[in-house]
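Please read them beside the coordinates.

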Amino acid sequence: MKLENKSALITGGNRGIGLATAQLFEREGARVAIVGRDAAAGHAALATLRDAIFIQADVARADDCQRAVTETLCAFGRLDILFNNAGIILRNRNVEATTEAEWDATLDINVKSIFLMSRAALPQLRAAGGGAIINTASYVGLVGFPGLAAYAASKGAVVNLTRAMALDHAAEKIRVNCICPGSVATDMIHRAWELYGDVTQAAQVWAAKHPLQRIAAPEEIARVVLFLASDDASFITGAALPVDGGITAG
Ligand code: NAD
């Protein structure tokens, strides 16, 4: 097992990529705290996990982030891995179509949350003798995409925040990396298909955007997060790893 005796905190762990990662981390021996805003989804997620705890928290709030770390410590006694994965997307919003409130919410939940959660977790990672932080960016953090002004700005910021944190904490044996997924079969993508209108056609259009001609399953992203969290990636820090079916290769 790759994460034996490790403790992990996963934001957005009650659904999608976060939940698939929580399930995989448990299978690899970790104890897992999942953080999300939606209590019903959190408790449904717990039913699919062995030994996890759910912490209802808003990752855009400093006091909630501190409480999430404290509750994880109380439950497991240590923290080794932080997966900053919670995020939102607002589609069909170029700059003119984006309200100030939408801009702030996107940047707060997708970027400020990583600052707040990492600031709360770093002393514990240090106390554990080192650790790993993995942030969820997006392929839209590496290239532009129409109608996603705030989202693209937020995910580009995640990529460079990851690099800055990697340099700041390398000497403390805390590795910081981010993943840049292409489209993944979660609620987030299903909401996009509903916006498109014809869900079946939208699924084909989305698949065709990827050179591999399909979108990813959440478990395919989780396996990469496991790699970055484990000693298999012991010499990797500051990386922004595309997990995108080739979409940014062109
Ligand atoms: P999802 O909508 O299924 O999950 C999003 C998660 O974020 C949920 O668990 C939700 O509870 C949590 N969340 C949102 N706002 C929060 C807040 N304020 N406080 C606490 N938790 C909050 O979507 P997903 O696809 O699993 O997305 C996970 C991450 O992957 C996001 O950062 C997203 O931007 C990124 N991503 C997704 C795709 C995709 O195609 N699905 C592609 C690239 C990147």
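1. Helix α6 (residues 187–196) packs against helix α7 (residues 199–208) at an angle of about 120 degrees, and their axes are 8 Å apart. That makes α6 oblique to α7; angles under 35 degrees count as roughly parallel, over 145 as roughly antiparallel, 65 to 115 as roughly perpendicular and the rest as oblique. Axes are lines fitted to C-alpha atoms, for helices over the stretch in contact, and angles run from 0 to 180 degrees between N-to-C directions. Helices (H or I, at least four residues) and strands (E, at least two) are DSSP runs, numbered from the N terminus.

2. The α6 and α7 crossing is right-handed; a crossing is right-handed if the near helix is turned clockwise from the far one by less than a right angle, and left-handed if anticlockwise. On the α6 side the contact (heavy atoms within 4.5 Å) is made by Ile-189, Ala-192, Trp-193, Glu-194 and Tyr-196, and on the α7 side by Val-199, Gln-201, Ala-202, Ala-203, Val-205 and Trp-206. Of the residues in the contact of α6 with α7, nine are nonpolar, one is polar and one is charged. Ala, Val, Leu, Ile, Met, Phe, Trp, Tyr, Cys and Pro count as nonpolar, Asp, Glu, Lys and Arg as charged, and the others, Gly among them, as polar.

3. A note on the basis: this is a predicted model, in which local features need pLDDT of at least 70 and side-chain atom pairs count only at pLDDT 80 or more, while totals for chains, interfaces and linings use all residues. Residues are numbered from 1 along each chain as its sequence is written, and side-chain values use heavy atoms, with hydrogens and water left out.

4. Seven strands form an open sheet with parallel pairing, in the order β3-β2-β1-β4-β5-β6-β7; two strands pair if DSSP finds at least two bridges between them. β3 and β7 (240–243) are the edge strands, each pairing on one side only. On average, neighbouring strands of this sheet are turned by 20 degrees against each other, direction ignored.

5. Strand β2 (residues 31–36) pairs with strand β3 (residues 53–56) in the parallel sense over four bridges, and Val-35 stands opposite Ile-55 in β3. From β2 the chain crosses through helix α2 (residues 39–46) to β3, in a right-handed β-α-β crossover. A crossover is right-handed if, with the strands pointing away from the viewer, the path from the first strand over the helix to the second runs clockwise.

6. Strand β1 (residues 7–11) and strand β4 (residues 81–84) pair in the parallel sense over three bridges, with Leu-82 in β4 as the bridge partner of Leu-9. Helix α1 (residues 16–27) packs on the sheet and touches β1, β2 and β4; its direction makes about 170 degrees with that of β1. Helix α5 (residues 149–169) lies across β5 (131–136), β6 (174–181) and β7, running at about 160 degrees to β6.

7. The axes of helix α4 (residues 100–127) and α5 come within 8 Å and cross at roughly 20 degrees. That makes α4 roughly parallel to α5, and the crossing is right-handed. The contact of α4 with α5 has 14 nonpolar, five polar and two charged residues.

8. Helix α3 (residues 62–76) and α4 have axes that come within 8 Å and cross at roughly 30 degrees. That makes α3 roughly parallel to α4, and their crossing is right-handed.
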